[in-house]
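Dear colleague,

Please find below the structure that I promised to pass on, followed by my notes on what turned up in it.

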Amino acid sequence: MVVAIAIAIFAAAWPAFAKLGLSILTSSDWDVANRHFGAAPALFGTLVSSAVALVIATPLAVGVAIFLSEFSPAWLRSPVAFLVDLLAAIPSVVYGLWGIFVLIPIMRDHVMPFMRDTLHLGSTPLFTGPAYGPSMLTAGVILAIMCLPSISAVSREVLLAVPRSQREAALALGATRWEMIRDAVIPFARSGIVGGIILGLGRALGETMAVTMVIGNRPEISASLLAPGYTMASLIANEFSEATNDLHLSALMAVGAILFVITLIVNAIARWLVWGVAREKGK
Amino acid sequence: MRTARSRHIVSGGMIGLTYVAAALATLPLLLILLHLVRKGASSLSLDFFTRMPQPVGEMGGGMANAIVGTLVLIGIASLIGLPVGIGAGLYLAEKRSTKLAHIVRFLSDVLNGLPSIVVGIFAWEFLVKPVGHFSALAGGIALGTMMIPLVTRTTEEMLKVVPNSLREAALALGYQRWRTSLSIVLRTAMAGIATGALVAVARIAGETAPLLFTAFGNQFWSLSPGQPIAALPLQIFTYAVSPYDEWHRLAWAGALVLIAMVLVISILARVATRSRFGAPVD
């Protein structure tokens, strides 16, 4: 099935690759009328919005995982784990709806001006310019919420796989509880946690609907996170059913193929890391 | 050298931070549910479930066709996803470490990580382009493709916990391998597999991206698999990005119905799994 999908997409994308060459990766000019297709802004947007998502989600998710595996009182453990897992069950279109009508106004009126003016982050290129509601930052926040459950689920499992003796040894040597986590538990679980983060990255890269609804869909490369952007997935979602000529369609297919390859690599790395931990546990 | 006291303060602080992280992580879910109920419930009425969408500017109207359309799509997806997924899971569990099993397991993981929009392109390429128009069948198959790896994974996990003595007993009684697999192993794990199937259904019920250019959406009543069909997530998307307040209202109501469906299924699946195996599967 996967092989069939790969062949189908690459076959369909071939005309675009053949005709446009590398310019589809490097050019930032997406002009349907002149039959010129450069997907660089979308590639850039996909990478940046996912990076923002990971920056926000990673500390939270790992914190939750540590909380659940080490410190949580027993009565709180299962409700919190359940609520975090439920985040994964919410359809992305519902995230998008919530993003449009709740998150965007909050970001535009409070969070963004606060970050730019009150924290004086406006002097860095990342936070300059007027605060649009739909933006890279908003998309990153939504994506962070969406990939949080997968990161924390994997991290929790890996943390629980750390042998008890490891913890007891650290405590017996006089470590405080935090030092035990930092020096004895996390090093043991590190590659698994990284695997979980990369798995979350895979989810963020391919997410379509929620991002399409909040990122603003403007094919430009801008250093500011407050400006609207575009991602590969939302580019396909927006234009696919309207694509009229063959080259346009093929170019969208090519974007799909690039996305396919990126997520494939990301997932393979994640699996490899998570499996590595599982193997060590089995020894 | 830091004093014991400062080390304990740092320790306490970091532990406190993990509490904060847990609180922050559960906050979005509660916020989303709160907004959904507040904005959605007021627009929810009997009309919503029984009437068709109205043209722009007219008040009222419902999403009857979209709700039915989602059910049709889930039906088609299950017809494809369940047999293939359970079959593959059975193979993986019974022939655990053959070379082919490793390859299948890896590919199924890859398929699981595939962006849903890529699956949509694939279904379009094979089922929409040759036929020349969008159809419910294409949408259902796209969703079914997404179900396969989920079902495969849970089936395998469930079959792994079936005790080997059961298999050996059946074989010792003269059952053939395939009968052992089908009527002993599979039946023992049926409840767990059903749970996995529910989880998979919950996951695909809310999928929008693969339907954009397969099922496409439809303003009218349609049950035919050969025609474009409406779906709840698609309708929510269309209404949410539209500029009309009335449609926004309906989008909230639709989202509330969709999430109620998904959450009820997820919770059912979870409760069923917990009472049987003591711990949730995923």
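In what order do the elements of chain B run from the N terminus on? They run α-α-α-α-α-α-α-α-α-α-α, and the secondary structure of chain B comes to 11 helices and zero strands, where helices (H or I, at least four residues) and strands (E, at least two) are DSSP runs numbered from the N terminus.

Please keep in mind that this is a predicted model, in which local features need pLDDT of at least 70 and side-chain atom pairs count only at pLDDT 80 or more, while totals for chains, interfaces and linings use all residues. Residues are numbered from 1 along each chain as its sequence is written, and chains are lettered from A and ligands numbered from 1 in the order in which they are written.

The C-alpha trace of chain B spans about 70 × 70 × 35 Å along its principal axes. Of the 282 residues in chain B, 47% are buried, that is, they have 20 or more other C-beta atoms within 10 Å of their own, with C-beta atoms placed from the backbone.

Turning to the two chains together, 54 residues of chain A are in contact with 52 residues of chain B, contact meaning that the C-beta atoms of two residues, placed from the backbone, lie within 7 Å. The side of chain A that touches chain B has 39 nonpolar, 12 polar and three charged residues, with Ala, Val, Leu, Ile, Met, Phe, Trp, Tyr, Cys and Pro counted as nonpolar, Asp, Glu, Lys and Arg as charged, and the others, Gly among them, as polar.

One pairing between the chains is that of helix α8 (residues 177-206) of chain A with helix α1 (residues 4-41) of chain B, which pack at an angle of about 75° with their axes 7 Å apart; axes are lines fitted to C-alpha atoms, for helices over the stretch in contact, and angles run from 0 to 180 degrees between N-to-C directions. The helices α8(A) and α1(B) are therefore roughly perpendicular to each other, a label given to angles of 65 to 115 degrees. Here A:R177, A:W178 and A:E179 of α8(A) meet B:R7, B:V10, B:S11, B:M14 and B:I15 of α1(B), and by class this contact has four nonpolar, one polar and three charged residues.

Within chain A, A:V255 touches A:A39, A:A42, A:M232, A:L235 and A:I236, leaving aside residues up to four places away in sequence.

Methods. Angles under 35 degrees count as roughly parallel, over 145 as roughly antiparallel, 65 to 115 as roughly perpendicular and the rest as oblique. A residue is buried if 20 or more other C-beta atoms lie within 10 Å of its own, exposed if 12 or fewer, and partly exposed in between; C-beta atoms are placed from the backbone.
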